[in-house]
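Subject: Structure handover

Hello,

I am passing this structure on to you.

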Amino acid sequence: MQKIAELVKKASNLMDVIAGWGIAAIMALVVVNVLLRVFFNSPILGVYEYVGYLTAGVIAFSIAYCALQNAHIAIEFIFEKIPFKIRRIIYIISGIIIVLFLLFLSVQLVVYAVNVMSSGEVSPTAKMPFYPFIFMSALGLFVLSLIELIKIIKGAGQECQQK
């Protein structure tokens, strides 16, 4: 179990680094587009699409690392007043629901990406296939589901820590 957890953690870290480079690419693309528009009156065609797809990839690849760091917003003021045993049961049940939902989303995104890929659908302006970004979203949600599953198994959720 420890090896799997380490592998998922490394994958999450790598995906977060890729997401960081995606943010840098978005910034560079926007700056270059503005400069080309202002100085040469010749903007990059499809920059809106590129930025949108890159942003989707950045979010998909960074969300798992955010969960790994427990950096998501949590409302705990009511949860802390519940007895430890009940808190633990709620944490496990909600965790299982979250994992199943994320796995379902991942599978459905893969099915959708395959359908888009087989149809040959591309973006309107840049004529770029967007199924790779759908696959990226599926991968991000799958890694997120693995992180949530590991949290349940290890009991690592701070919500369950006895005070």
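The notes below cover a helix pair, a group of aromatic rings and one serine.

This is a predicted model, in which local features need pLDDT of at least 70 and side-chain atom pairs count only at pLDDT 80 or more, while totals for chains, interfaces and linings use all residues. Residues are numbered from 1 along each chain as its sequence is written, and side-chain values use heavy atoms, with hydrogens and water left out.

Helix pair

Helix α2 covers residues 47-68 and helix α4 covers residues 131-154. Helices are DSSP runs (H or I, at least four residues), numbered from the N terminus. The axes of α2 and α4 are 8 Å apart, at an angle of about 10 degrees. Axes here are lines fitted to C-alpha atoms over the stretch in contact, and angles run from 0 to 180 degrees between N-to-C directions. The two helices are therefore roughly parallel (angles under 35 degrees). On the α2 side the contact (heavy atoms within 4.5 Å) includes Tyr53, Leu54 and Phe61, and on the α4 side it includes Phe133, Met136 and Lys151. By class, 15 residues of this contact are nonpolar, three are polar and two are charged. Ala, Val, Leu, Ile, Met, Phe, Trp, Tyr, Cys and Pro count as nonpolar, Asp, Glu, Lys and Arg as charged, and the others, Gly among them, as polar.

Aromatic rings

Rings of Phe, Tyr and Trp (its six-membered ring) pair if their centres lie within 6.5 Å, and planes under 30 degrees apart count as stacked. The count comes to three aromatic pairs. One of them is tyrosine 53 with phenylalanine 130, which is stacked because the planes are at 25 degrees, with the centres 5.7 Å apart. Phenylalanine 130 lies in the loop between α3 and α4 and tyrosine 53 in α2, so this pair ties together parts 77 residues apart in sequence. Tyrosine 53 also stacks with phenylalanine 133, at 5.4 Å centre to centre and 20 degrees between the planes. This second pair links helix α2 to helix α4, parts that are 80 residues apart in sequence. Tyr53, Phe130 and Phe133 form one aromatic cluster. Tyrosine 53 and phenylalanine 130 are both buried (under 20% relative accessible area, 1.4 Å probe, protein chains only), and phenylalanine 133 is buried as well.

Serine 106

Serine 106 is in helix α3, residues 84-119. Its relative accessibility is 5%, so serine 106 counts as buried. The side chain of serine 106 reaches the backbone oxygen of alanine 138 at 3.4 Å. Leaving aside neighbours within four places in sequence, serine 106 is in contact with Ala138, Leu141 and Phe142.

Regards

Key
Parallel < 35°, antiparallel > 145°, perpendicular 65-115°, else oblique. Buried < 20%, exposed > 50% of the residue type's maximum accessible area, 1.4 Å probe, protein only. Polar contact = N/O pair within 3.5 Å; in protein donor to acceptor, adjacent residues only side chain to side chain. Phe/Tyr/Trp six-rings, centres within 6.5 Å; stacked < 30°, edge-to-face > 60°.
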